[in-house]
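Work through the exercises below with the structure in view. Try each task before reading its solution.

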Amino acid sequence: MQNDTPAIMVFAAGFGTRMGELTKSRPKPMIKVAGLPLIDRALGLVAEVQPPRTVVNLHYLPNMLEAHLKGTSVIPVREEPDILETGGGLRNALPLLKSDPVLTLNPDVIWIGPNPLAVALGAWDPTHMDALLLCVPMERVHGRDGDGDFHLDDNNRLHRGGDLVYGGVQIMKTARLHDVPQTAFSLNVVWNDMAKDERLHGVTYPGQWCDVGRPEGIRIAEDVLRHHHV
């Protein structure tokens with residue numbers, strides 16, 4: 001599968017406002033969990049699937065992330081003057097990604113189990129799918145309050161509402177990104193169109209997953225990592 005791996009977009013432009021004081025002086029991907037910055041954990045997963053290109057978008061405190069990535073093969077792209085959200089950010093990076101479909105990865109989560117990018121690649125079927133979202137059942141979700149995002153039907157198509165949480169990894173065809181008139185927009189806009197056409201699919205992650213969106217998520221993630229001896 002390695003030779004078939006598409007380019008990967010890592011979303012690192014956000015403000016990390018839920019992290020409070022921790023992101024006053026650093027972007028959220030530079031926050032450490034068990035001694036390792038979130039961005040390095042994400043790029044470790046990326047390296048295992050050997051994509052042809054890896055792009056990281058930057059907006060909040062971009063100099064720190066650029067300095068951290070210097071000397072690597074990662075391609076940084078700044079979103080200026082305004083942040084573009086997930087959909088706009090991905091569309092903005094397409095000239096650098098040079099890939100269709102693309103893989104995307106959120107760095108502010110911890111995966112305990114098989115490489116989530118590899119799980120998504122193994123389930124991808126472009127004949128039936130415009131996007132494939134890697135989802136986690138609520139019983140294996142840590143550090144996140146609230147309900148799930150989706151449920152799967154008998155054909156593994158995703159529908160809103162249910163006990164599956166979107167984990168932050170997807171494979172996505174890029175054509176529909178160009179149909180959105182707004183400059184800044186969420187990927188949810190594109191997913192909703194795909195779902196209407198029965199082209200939005202999901203695959204269930206078999207391991208544990210932890211959201212590191214708030215300060216307490218760091219401790220929870222470190223506890224989960226220790227418990228599972230990772």
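This is a predicted model, where local features need pLDDT of at least 70, side-chain atom pairs count only at pLDDT 80 or more, and totals for chains, interfaces and linings use all residues. Residues are numbered from 1 along each chain as its sequence is written, and side-chain values use heavy atoms, with hydrogens and water left out.

**Exercise 1.** Find what stands opposite Phe-11 in strand 4.

Solution. Start with the elements: strands (E, at least two residues) and helices (H or I, at least four) are DSSP runs, numbered from the N terminus. Strand 1 covers residues 8-11; strand 4 covers residues 54-58. The two pair in the parallel sense over four bridges. Pairing requires at least two DSSP bridges between the strands. Opposite Phe-11 stands Asn-57.

**Exercise 2.** Name the bridge partner of Val-10 in strand 6.

Solution. Strand 6 spans residues 102-105. Strand 1 pairs with strand 6 in the parallel sense, over three bridges. The partner of Val-10 is Leu-105.

**Exercise 3.** Decide how helix 1 and helix 2 lie relative to each other.

Solution. Take helix 1 (residues 38-49) and helix 2 (residues 62-69). The axes come within 12 Å and cross at roughly 45 degrees. Angles under 35 degrees count as roughly parallel, over 145 as roughly antiparallel, 65 to 115 as roughly perpendicular and the rest as oblique. The helices are therefore oblique to each other. Ile-39, Asp-40 and Leu-43 of helix 1 make the contact with Leu-65, His-68 and Leu-69 of helix 2 (heavy atoms within 4.5 Å).

Methods
Buried means under 20% relative accessible area, exposed over 50%, partly exposed in between (1.4 Å probe, protein chains only). Axes are lines fitted to C-alpha atoms, for helices over the stretch in contact, and angles run from 0 to 180 degrees between N-to-C directions.
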